[in-house]
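Hi,

Here is the structure I promised to pass on. Have a look at it first, and my notes follow below.

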Amino acid sequence: HSMLLLMDHPESLESDDADGMQQEDREALRESNRRRLNSVRSFLASDTGFDVDLNNDGKIEKGEGHETAVTRYLTGHRQDGPDDEYKGFQDHGEQYGRVLQQASAPEPFMDMPKESQYASHAEYQRAYDEWRAWQARNENAASIALNHMRGYQEGLENPKSRGYEIGGQNAFGYYNSKLRSWTGLILQPYVESITNSMYNSRNGYVVSGGAVENCQIRFPQDFRMRIFGKNGLFADLGFDEPDVDDHGTPNDKSDDTYVGGRAPAIDNLLIAAKRGYAEDLNQAFAEGGDPDEVRNVSARWAPITEGLFTAPKDSDVAALEALDKRNARWQRGVSFGIDFSPVGLATKNPVGGFIMNQVKSRFSSAPVMEAMWPTNNAAAAESEIVTKEMLAEKFMTKTFYSVASTHDVFQGASPTPAEYSAKISGEKPFVDANGKIIPYDQMTPKQRGDFEEYVSSHAGKNYGNQINDIQTAITNAAKRHHDARVASK
């Protein structure tokens, strides 16, 4: 524990004027801190060099787990107590989780340099060496995230964990409640990797890429079944429900924040999923809106969406109650169309910096979801509130409508959006005076309904079928889990 306290990022380096330190001295400290983070990453991504009881049979065979990653070992294989009862970190994984989050966070993508871009070979070589160093850091970061997933799942499967359930929770998750909380933020940069592995599983556990995008993680089908099973990682993350600080105003949700600074783990993953899906849709529409490409985007993001809104039907009562509570919170979030797009997250609205603020400082805190609901006339009417059983589907279709409303992909349809809107919307069409579609999150409930009807029934088969395709993708995603799943208790 003492070593972990020395391994995270010093918050004092975030300020440029703290303690009256000169800028050059502060930059020297930051460079030293970058080297520290490099060392931490290299250590956590390295192998243990000693044998590990990976199958939890109480016996360590010679050579068993000899090349186990340090992160996998620390997360799931070093916390057994002497009395056969599972023991966790003394701070429930708070500091270890903080270190993992910082070490696993990918750095901004760096293009491989071309020698033609530089005046001399020496300059090119320096740039190339810098790029190779970035690539190694990026690969280590992804490896840490992947091995944390593996270690966490193996910790849940340890017989000592499953044999000591507390309040319906697996002992591993219960004793590591803070690590459980951090796991949502550790995995959120890799949500696209997770849904890609669910959609198209690979053999083995792999970190790939780095040439044209940040490194991605891949895992096999059997691991997918385990992490989304009754005793899986995502069922356990569902128990992360931090207390809320109302700051002395119990009737005013706008200033409420989560105690401990972090939003629920599954909420952070859902926000990352919505942002990733919207980003990929934006790119597909910006590149011409080819219907097959748009359809493929929805098919890829359906597995993680369906998985996060549901649980195995045979889950314990406590797990189903946690799911029910979370989905009740998201009913209005989905209905109101909160903007979790990259643009929305970067602006100075209540959602701005939602993810970043949770990892930037020990003193930052995420707002509760109610604080981010719209308060203008675009808010959803009660009749629009999504049922729990339809959450996954509506989560995606409303994201689709939101993104589609910002692109001119319907102008070639007959009728055009302006023609259709003028016929049925009366004084409040869903287009502006120039015939341009009003952004979905700014529409009234009536305008949204009219726009949805237009897209699904009058925009032509290229886009009208997309809504049916999303429904099919959600159904196929449920089948991939190979078990019955529910969205409420």
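What should the 14 residues of helix α17 (residues 391–404) span at 1.5 Å a residue? They should span 20 Å, and the end C-alpha atoms are 20 Å apart, which agrees. The expected span is 1.5 Å times one less than the number of residues in the helix. Helices (H or I, at least four residues) and strands (E, at least two) are DSSP runs, numbered from the N terminus.

Before the rest, some housekeeping. This is a predicted model, so local features need a pLDDT of at least 70 and side-chain atom pairs count only at pLDDT 80 or more, while totals for chains, interfaces and linings use all residues. Residues are numbered from 1 along each chain as its sequence is written, and side-chain values use heavy atoms, with hydrogens and water left out.

**Overall picture**

The protein has 20 helices and 6 strands. Of its 489 residues, 52% count as buried (under 20% relative accessible area; exposed is over 50% and partly exposed in between, with a 1.4 Å probe and protein chains only). If you take the contacts (heavy atoms within 4.5 Å) between residues at least 6 apart in sequence, 69% join residues at least 24 apart.

The average pLDDT (the predictor's confidence in each residue, from 0 to 100) is 82, and 79% of the residues score at least 70. Please be careful with two stretches. Over residues 341–352 the pLDDT is below 50, and this stretch has 22 contacts in the model beyond near neighbours in sequence. Residues 375–381 also have a pLDDT below 50, with 16 contacts counted in that way.

**Back to α17**

Helix α17 is largely enclosed by the rest of the structure, because 12 of its 14 residues are buried. Among the buried ones are Leu391, Glu393, Phe395, Lys398 and Phe400. One of its neighbours is helix α13 (residues 291–309): the two axes come within 9 Å and cross at roughly 145°. Axes here are lines fitted to C-alpha atoms, for helices over the stretch in contact, and angles run from 0 to 180 degrees between N-to-C directions. On the α13 side, the residues in contact are Val294, Ser298, Trp301, Ala302, Thr305, Glu306 and Phe309, and they meet Leu391, Ala392, Phe395, Met396 and Phe400 of α17.

**The core**

Phe400 turns up again in the largest nonpolar core, which has 87 residues: Phe234, Phe400 and Phe410 touch the most other members. Helix α12 (residues 265–286) gives the most to this core, with 12 residues. A nonpolar core here is a set of buried Ala, Val, Leu, Ile, Met, Phe, Trp, Tyr and Cys residues joined through side-chain atoms within 4.5 Å. Not counting residues up to four places away in sequence, Phe234 touches Ile194, Ile227, Phe228, Ile266, Leu269 and Leu308.

As for α12, 17 of its 22 residues are buried, so this helix too is largely enclosed by the rest of the structure. From its first C-alpha to its last α12 reaches 32 Å, close to the 32 Å expected. Just after α12, Gly288 takes a positive phi of about 115°.

**Another helix pair**

Helix α5 (residues 121–157) packs against α8 at an angle of about 145°, with their axes 11 Å apart. This crossing is left-handed. Ala145, His148, Met149 and Tyr152 of α5 make the contact with Leu179, Arg180, Thr183, Ile186 and Leu187 of α8.

A cis peptide bond joins Ser414 and Pro415, with omega at about 5°. Pro415 sits in the loop between α17 and α18 (417–424).

Two histidines have a positive phi. His92, with phi near 65°, lies in the loop between α3 (70–76) and α4 (94–104) and counts as partly exposed at 35% relative accessibility. His247 has a phi of about 55°, lies in the loop between β3 (244–245) and β4 (257–258), and is partly exposed at 44%.

Cheers

Note on methods
Left-handed = near helix turned anticlockwise from the far one by under 90°.
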